[in-house]
Amino acid sequence: MALLVLLTCSGCGDVISNPSPLPAQQAISSSTPSDGGSIQSADTVMFCLDSTNTYDRDLFRSALNFAADGIDALVRPREQRIVFYFSAITANSYSTDNDLLTVSIPIIAGPPEPPVYATAVNPYGSAEKTAVAEDNKRREEIYQQALEEYQRHVGGVKKALAERTAALRHLNPGVDTGGSDNYGCIARAADRFQESTGKHVLILATDLLGIGPQQDREIVNLNGASVSVIFYPSKYATDNQYRMDLWRGYFQLNGAERVTFYDTAQSQIITLDDLFK
């Protein structure tokens with residue numbers, strides 16, 4: 001594994017064995033509060049967004065919009081809560097100073113079932129017909145009330161999430177010129193994954209250039225996780241495949257179940273939902 005670290009780091013120096021907060025001038029503006037509630041059974045998604053001077057800022061913004069659009073589209077009936085963590089890749093990515101935002105999609109029950117209407121046994125009995133009609137009317141009223149309540153609830157969830165995704169689209173952390181520590185954010189993701197028993201998804205928007213000191217975390221627990229690298233620049237044509245093969249090996253060695261790379265063009269046609277499949 002030591003060889004892998006050396007091969008994937010351009011200009012690597014020392015490792016960071018005891019992460020400390022970034023200096024004040026490099027610190028990332030921190031997050032809005034967490035949505036709260038139990039996360040033990042939730043699906044966990046960790047976004048690592050490259051906020052260094054080697055990664056095109058337009059791609060950083062594209063990744064934010066990709067995430068925001070995807071979260072908005074995921075508001076539908078579901079039996080599992082999803083918690084999204086957004087963190088910046090910087091010169092010291094393991095530091096909690098890089099936490100940008102947390103967004104949670106709650107469990108959403110399905111809409112109420114339409115009522116089953118009664119029918120009169122004796123269609124010629126006026127009293128029975130009246131009683132059945134009144135009973136069906138009550139069933140319809142109860143259903144409509146439940147449907148309106150359900151629509152209000154879903155509308156409230158959508159409104160709350162729209163506020164969070166609007167904040168996500170406008171995130172603008174500082175650009176770190178001190179290095180690019182990919183391993184730190186991956187280690188943070190692994191820590192997050194240990195907090196829940198649901199599905200684990202790691203999404204990185206980065207050029208995968210490791211510049212400067214790297215976290216001393218060659219071995220992390222990504223067992224069963226799905227890893228996707230989105231908005232991966234294609235300008236490094238001569239060594240792209242080489243770097244991707246190295247990182248794929250690293251993720252798989254640490255237990256990732258699936259590892260997929262999407263260049264900038266491919267990232268325009270996939271959705272966040274695709275990365276869950």
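## Basis of the model

The model is predicted; local features need pLDDT of at least 70, side-chain atom pairs count only at pLDDT 80 or more, and totals for chains, interfaces and linings use all residues. Residues are numbered from 1 along each chain as its sequence is written, and side-chain values use heavy atoms, with hydrogens and water left out.

Helices (H or I, at least four residues) and strands (E, at least two) are DSSP runs, numbered from the N terminus.

Six strands form an open sheet: the 6 strands follow the order 4-3-2-5-7-8, and the pairing is mixed. Two strands pair if DSSP finds at least two bridges between them. Strand 4 (99-105) and strand 8 (258-263) are the edge strands; each has a single partner strand, so one side of each has no neighbour in the sheet. From one strand to the next the twist averages 15°; angles run from 0 to 180 degrees between N-to-C directions, and axes are lines fitted to C-alpha atoms, for helices over the stretch in contact.

Strands of a sheet pair through backbone hydrogen bonds, either parallel or antiparallel. Strand 2 pairs with strand 3 in the parallel sense over 8 bridges, and Asp 50 stands opposite Ile 89 in strand 3. Strand 2 also pairs with strand 5 in the parallel sense, over 6 bridges; there Phe 47 has Ile 203 of strand 5 as its bridge partner. Strand 5 (residues 200-205) and strand 7 (residues 226-232) run parallel and are joined by 5 bridges. The bridge partner of Val 201 in strand 7 is Ser 226.

## Strand 2

Strand 2 is mostly covered, with 8 of its 8 residues buried (under 20% relative accessible area; exposed is over 50%, partly exposed in between, with a 1.4 Å probe and protein chains only). In a regular strand the side chains alternate between the two faces of the sheet. Asp 43, Val 45, Phe 47 and Leu 49 point one way from strand 2, while Thr 44, Met 46, Cys 48 and Asp 50 point the other way, and all are buried.

Strand 2, helix 2 and strand 3 make up a right-handed β-α-β unit. Right-handed is used if, with the strands pointing away from the viewer, the path from the first strand over the helix to the second runs clockwise.

## Helices on the sheet

Helix 5 (residues 240-253) lies across strand 5, strand 7 and strand 8, and runs at about 150° to strand 8.

## Helix 2 and helix 3

Two packed helices are described by the angle between their axes and the distance between the axes. For helix 2 (residues 57-73) and helix 3 (residues 126-169), the axes come within 9 Å and cross at roughly 170°. Helix 2 is therefore roughly antiparallel to helix 3 (angles over 145 degrees; under 35 count as roughly parallel, 65 to 115 as roughly perpendicular and the rest as oblique).

Contact (heavy atoms within 4.5 Å) involves residues of helix 2 including Arg 61, Leu 64 and Asp 72, and residues of helix 3 including Leu 161, Thr 165 and Arg 169.

## Positive phi

Leu 208 is not a glycine, yet its phi is near 65°, a positive value. Leu 208 sits in the loop between strand 5 and strand 6 (214-215) and is buried, with a relative accessible area of 0%.

Phe 231, also not a glycine, has a positive phi of about 50°. Phe 231 lies in strand 7 and is buried, at a relative accessible area of 2%.
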